[in-house]
Amino acid sequence: MSQVQARAVEMMSQHGFLGVPVETFEDAGRRQFVALLGQGLCPESRVLDIGCGCLRTAYWLVRFLDPNCYHGIEPARARVEYGLEYLFTPQLLAQKQPRFDFNPRFDSSMFRTRFDYFLAGSIWTHASKWQIEATLDSFVRDSTPTGVFLPSYLPASNPDEDYRGDHWVGTSHESDTPGVIRHSLSWIEEQCRKRGLRVEEVPGEAFDSQYWLRVTRA
């Protein structure tokens with residue numbers, strides 16, 4: 001067992017389920033990091049990790065990125081605090097200076113930064129449609145002209161699978177009930193077109209049976 005996986009097992013044995021499967025903690029975090037590398041991620045890139053949770057992807061990103069380049073949004077503040085405690089040393093945090101915000105609106109404006117990459121790993125698999133729109137609005141406002149947004153999702157294969165509720169589904173700062181949802185790719189494409197964005201599916205599985213979408217300016 002790797003060091004990061006062992007730390008994740010210890011963290012969840014002490015604090016319970018933290019929104020991600022412990023069995024794939026290392027693999028899923030590494031896959032998200034590798035996906036960003038495949039899109040051109042560099043140490044000087046500025047990254048926004050939406051729904052960063054207990055920091056399974058931040059474990060890799062914070063170590064790779066230059067100081068002050070990693071930014072995470074997570075409403076469940078305790079999850080971030082656990083991740084910082086189990087996955088990082090005070091010395092590393094002092095050196096890399098990752099930044100966090102805990103708003104539940106996916107609002108990136110408080111960082112006052114233009115981001116090269118937005119990441120939403122296993123967020124659209126829980127988010128309602130208005131919440132997905134909020135992440136797209138943040139991307140339009142706070143990304144660089146060549147910015148890339150990588151959200152993972154589960155495609156709806158028929159209209160009945162296309163989630164139409166207006167609430168987050170799954171564990172969060174407000175819920176202890178697990179769950180996942182699916183969204184229609186055609187609906188996502190429509191929302192992107194409205195905002196002058198282009199979306200395409202990335203071939204292959206992303207992680208945890210999900211798939212990547214790549215969103216850029218049209």
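The model is predicted, so some limits apply: local features need pLDDT of at least 70, side-chain atom pairs count only at pLDDT 80 or more, and totals for chains, interfaces and linings use all residues. Residues are numbered from 1 along each chain as its sequence is written, and side-chain values use heavy atoms, with hydrogens and water left out.

**The ring pairs.** Rings of Phe, Tyr and Trp (its six-membered ring) pair if their centres lie within 6.5 Å; planes under 30 degrees apart are stacked, over 60 edge-to-face, the rest tilted. That rule gives 12 aromatic pairs.

**Select Y59 and W60.** Their ring centres are 5.4 Å apart and their planes meet at 80°, so this pair is edge-to-face. Both Y59 and W60 are buried (under 20% relative accessible area; exposed is over 50%, partly exposed in between; 1.4 Å probe, protein chains only).

**Next, F139 and F149.** This pair is tilted, with 5.6 Å between centres and 35° between planes. It links distant parts of the chain: F139 is in helix 6 (residues 129–142) and F149 in strand 5 (residues 143–153), 10 residues apart. Helices (H or I, at least four residues) and strands (E, at least two) are DSSP runs, numbered from the N terminus. F139 is buried at 0% relative accessible area. F149 is buried too, at 0%.

**Last, the charges.** A charge sits over a ring if NZ of Lys or CZ of Arg is within 6 Å of the ring centre and within 35 degrees of the ring normal. Select R217: its charged end sits over the ring of F139, 5.7 Å from the centre. Then select K129, whose charged end sits over the ring of W187, 4.9 Å from the centre.
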